[in-house]
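Visitor: I would like to go through this structure by question and answer. Please show it to me before we start.

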Amino acid sequence: MTNIDNYNFAEKKAFVRVDFNVPVDENFNITDDTRIRAAMPTLKKIISDGGRLIIASHMGRPKKNPDPKCSLKHILANVSKNLGIEVKFADDCQKAQEMVASLKDGEALLLENLRFYAEEEGKPRGIEKEDPAYDAAKKAMKEAQKAFTKVLASYADCYVNDAFGTAHRKHASTAIIADYFDAENKMFGYLMSKEVAAVDKVMNNIVRPFTAIMGGSKVSTKIDIIENLISKVDNLILCGGMTYTFKKAMGGTIGKSLCEEDKLDLALEIMQQAKDKGVNLVLAQDSVVADDFSADANTMIVDSDKIDDGWEGLDIGPKTIKAFSDVIVNSKTILWNGPCGVFEIDKFAVGSKAIADAIVEATNNGAFSLIGGGDSVACINKFGLADKVSYVSTGGGALLEAIEGKVLPGIAAIKG
Ligand code: 3PG
Ligand code: MG
């Protein structure tokens, strides 16, 4: 594989796929530009080499062309500011030939949202799967996608994929385009390399003991991850709303706590699997229960399997905090996905904060800690501890699929 560090971009036109799918408020102000900042090492390397930079991304899930709400124009100023140069803008990603041709060494161009074209995702629009004409429409779309991809590829001499957040999508710009470049002229960007290395440390190069902390409200959405991890970890901490499906399956009473009634058997199966594999499965012992899902609810601490009617578990209790923390601080590899309580409400963020603190302590003692997947990133940011752990992933769905053990198309396209 070509290493970006060894590539000289001077006078080369580089097509860089990034994931600038950042959250914006109702006035299109970016509320968290982590993903933009995370791509800067790659973009700056190309500029400082004297390359000609073509930046491409999606934003949101637009279903028409154009869809002004999803325009990348809204983030142009931020990208320019972070990159330290005035970035140009092509308001149609398929009609940027002239702008690309006029790029000078060290200049940058941002293409409008790739997903304005259905071809980026390769799924026909405005027709349902049930429609008898769907198969033909899909076939036609695959052909159109080739033409779309060819145009993007024609802009550049080399292709860089730095869009880890979108690596689980087999789209024109994330995967298919790689075929248009030979091995010497396609590569991961720095962010992608870091993400891939972090995943590798928890999937393959594991220093033991390895502890995974999985939160989340449902067992069903995390089942593939749990099943993949159970053959790798020494300790598996399952927390969050799914706790109560386990407690109920074991015969406990859980009041009005979250519960997937149709997953009780699955919960028992997971417990059996852990036992068979010698995995230390750690569940909550006590909970902070509330009589309402709100900041001013009445609360008390009870055993997690003895919750009265009218009460629901919204955080872990002190015994559990101690049990979880003891396991975490003695670990050498840690993966955290999903908080253990309703951390958005301060009153129920105590358990998640304790987990974060334990991870920081373990990291200080030499452990490798990876935090990722949606809520856990918001959680670690809320506590201001993101720079105290080994790595915080920019991937939501992509990270989850990677730890399910799936091959991500964006990675495979470069690695071969
Ligand atoms: C994300 O934020 O999940 C990525 O940018 C991918 O977006 P998608 O889920 O709409 O494909
Ligand atoms: Mg997603």
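Visitor: At what angle do helix H8 and helix H10 pack?
Guide: The model is a predicted one. Two packed helices are described by the angle between their axes and the distance between the axes. Here helix H8 covers residues 219-229 and helix H10 covers residues 264-277, with their axes 12 Å apart. The angle between them is about 20 degrees.

Visitor: Are H8 and H10 roughly parallel or roughly antiparallel to each other?
Guide: Angles under 35 degrees count as roughly parallel, and those over 145 as roughly antiparallel. H8 and H10 pack at about 20 degrees. The two helices are therefore roughly parallel.

Visitor: Which residues of H8 and H10 make the contact?
Guide: From H8 come Val 219, Ile 223, Ile 226 and Glu 227. The residues of this contact divide into 5 nonpolar, 1 polar and 1 charged. On the side of H10, the contact is made by Leu 266, Ile 270 and Gln 273.

Visitor: Which side chain has an N or O atom 2.9 Å from an oxygen atom of ligand 1?
Guide: The residues around ligand 1 include Asn 21, Arg 35 and His 58. The side chain at 2.9 Å is that of Asn 21.

Terms used:
Residues numbered from 1 in each chain as written. Chains lettered and ligands numbered in written order. Predicted model: local features only at pLDDT ≥ 70, side-chain atom pairs only at ≥ 80, totals over all residues. Heavy atoms only, no water. Axes fitted to C-alpha atoms, helices over the stretch in contact; angles between N-to-C directions. Helix = DSSP H or I, 4+ residues; strand = E, 2+ residues; numbered from the N terminus. Parallel < 35°, antiparallel > 145°, perpendicular 65-115°, else oblique. Contact = heavy atoms within 4.5 Å. Nonpolar A, V, L, I, M, F, W, Y, C, P; charged D, E, K, R; others polar. Near = heavy atom within 4 Å. Polar contact = N/O pair within 3.5 Å; in protein donor to acceptor, adjacent residues only side chain to side chain.
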